Structure formats: structure tokens, C-alpha cells
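Take a look at the chain and its fold below. Keep the picture open while you read.

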Amino acid sequence: MMHIDIITVLPELLESPFQHSMMKRAQEKGLLSIEVHSLRQWAVNDYGQVDDYQYGGGAGMVMMCQPLANAIDALTANRKYNEIIYLTPDGERLTQPRVNQLSLQQNLLLICGHYKGIDERIRTQYVTREISIGDYVLSGGELPAAILVDAIGRLIPGVLNDETSALTDSFQDNLLSPPVYTRPEEFRGWRVPDILLSGNHKNIEDWRYEQALKRTKERRPDLLND
Ligand code: ADE
């Protein structure tokens, strides 16, 4: 059973993402458990304060050390984490190999930042890994955390119905996925490629590989250079 704790100032934002489809099934099957913790329970005062002005001046608040340190201390007293991950645009870029590696871990603690981010001392003293989901800036780390959990969760053995299907995802072999079709054979005059209807598995496999290669060359030639 993999366990993921998430520390956030917006727990409501993380209510729905894990309650549907595969993430729901993963939890129901007892393969994954996710706990969202409101940082406010470790606020420095009765107003629920968790952030403050930044030293040196400048616009934007910074999440304070004490609430985060207390939250991390409380959670690490109960559980040993393989990684304490801070979601941040200046972290390492999330890629499929990194997702694969994280899906093998037992316990993860995710920290969602807000405003200008978290006090640097939390990053240096507690965080073991910093992850960005892409080169754009979001208003907080909650959606990135949801993306990370989704990407990891679907790889846990037993979560996917067809366990081989994660292996044929785009990026698993540095190739994009080939086109796919379903019924009917003809829709508004647009036909499904004959080869997919041929029943010849070897030819179908070859065709899919060619299509994947073609698509990757056209759209993401950078993947082929790695
Ligand atoms: N927080 C804000 N933007 C982010 C990003 N691109 N990746 C991870 N965390 C973030």
C-alpha cells in the first residue's frame, strides 16, 4: 500500500481530484491512500496565519517556517517518508522516468506552496526533492500535486485493469502513442485504417510502431535524440 500525505492551505481544492475513476479505484482496492492536511491547523495564531511579508521587501507573501516545520514534524513522527517533495516551478521537471521511480516508493509527503513560495529554510532543512510539472507558473502547488499523485497512482501494480497498458503509454519508450480508433468502421465517410481491421496482429503491431515513430518525428523530434 502506497501512502501519500499532502500539506496545503487549500484542502478543498484537492477533494475532488482523487475521488473519481482510477484514483478512486486505487484507494478502494487498498493500493493507495491519500491524506490531505490543512496547514491552518499549524497556524501561528488564531487568525490562521501561515504566511508573512518577505524580508528585504517586495510584493508577495511567503509561507512561514513554523507552521510547515510543525506540520512536517507531526507527520514524520507517524511515518517514515521516502521523499518530502515540494512542488515548485524551479524544481526538477516531472518526466515519465521520474514518475516511474516515485511509483515504487512507499510513503511520500507533498508540500504545496502558495503566494511567493515557502521560506527557503524549509526547502534546505526538510525537503528532499523539488518537482516542477512544467515551465509555467500556477497560483499554487495543489494542481501540480494532483497531477503528480495521478501520474504515480496509475502506475501502482493492480490499479490499471489491463496491467500492460501503462507500458504502452506515450513516453514510456520515448515514443508518442499511435492513433487509436473505435466503432464504427466508417463515420461520416471517414474510415478506420484497413490494417486495424485485418486481424493480422504482427502487421498491426508494425503499423502502430511506424505511426508512433512518425508522430514522434513530426511532433517531438527532441524525444528521439535522447
Ligand atoms: N507551483 C506553481 N507553479 C508550479 C509548477 N509549474 N510546478 C510545480 N509547482 C508549481
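The model is predicted: local features need pLDDT of at least 70, side-chain atom pairs count only at pLDDT 80 or more, and totals for chains, interfaces and linings use all residues. Residues are numbered from 1 along each chain as its sequence is written, and side-chain values use heavy atoms, with hydrogens and water left out.

**The ligand site**

Start with the residues around the ligand. They include Leu 87, Thr 88, Pro 89, Tyr 136 and Leu 138.

Strand E5 (83–93) and strand E7 (129–132) each supply at least two residues of the shell. The largest share, three residues, comes from E5. Strands (E, at least two residues) and helices (H or I, at least four) are DSSP runs, numbered from the N terminus.

| Residue (backbone atom) | Distance from a ligand nitrogen |
|---|---|
| Thr 88 | 3.2 Å |
| Tyr 136 | 2.8 Å |
| Leu 138 | 3.0 Å |

The protein covers 96% of the 260 Å² of accessible area that the ligand has on its own. Accessible areas come from the Shrake-Rupley method with a 1.4 Å probe; for residues, only the protein chains shown count as cover.

**Two domains**

The domain assignment gives domain 1 (2–153) and domain 2 (168–225). Such bounds come from an automatic or database assignment. The centres of the two domains, taken over C-alpha atoms, are 37 Å apart.

Is His 37 buried or exposed? His 37 is buried, because its relative accessible area is 11%. Buried means under 20%, exposed over 50%, and partly exposed in between (1.4 Å probe, protein chains only). His 37 sits in strand E2 (residues 32–38). Its side chain makes a polar contact of 2.7 Å with the side chain of Asp 5. A polar contact is a pair of N or O atoms within 3.5 Å; within protein, one must be able to donate a hydrogen and the other to accept it, and residues adjacent in sequence count only if both atoms are side-chain atoms.

Gln 54 counts as partly exposed, because its relative accessibility is 26%. The loop between strand E3 (51–53) and strand E4 (61–63) holds Gln 54. The side chain of Gln 54 reaches the backbone oxygen of Ala 59 at 3.1 Å. Gln 54 and Lys 116 are 62 residues apart in sequence, yet 8.7 Å apart in space, C-alpha to C-alpha.

Asn 78 lies in helix H2 (residues 65–78). It is exposed, because its relative accessible area is 67%.

**Backbone exceptions**

Most residues other than glycine have a negative phi, and most peptide bonds are trans. Ser 21, in helix H1 (residues 21–28), has a positive phi near 50 degrees. Arg 188, in the loop between E8 and strand E9 (190–191), also has a positive phi near 50 degrees. The peptide bond from Arg 183 to Pro 184 is cis, with omega near 5 degrees.

Note on methods
Near = heavy atom within 4 Å.
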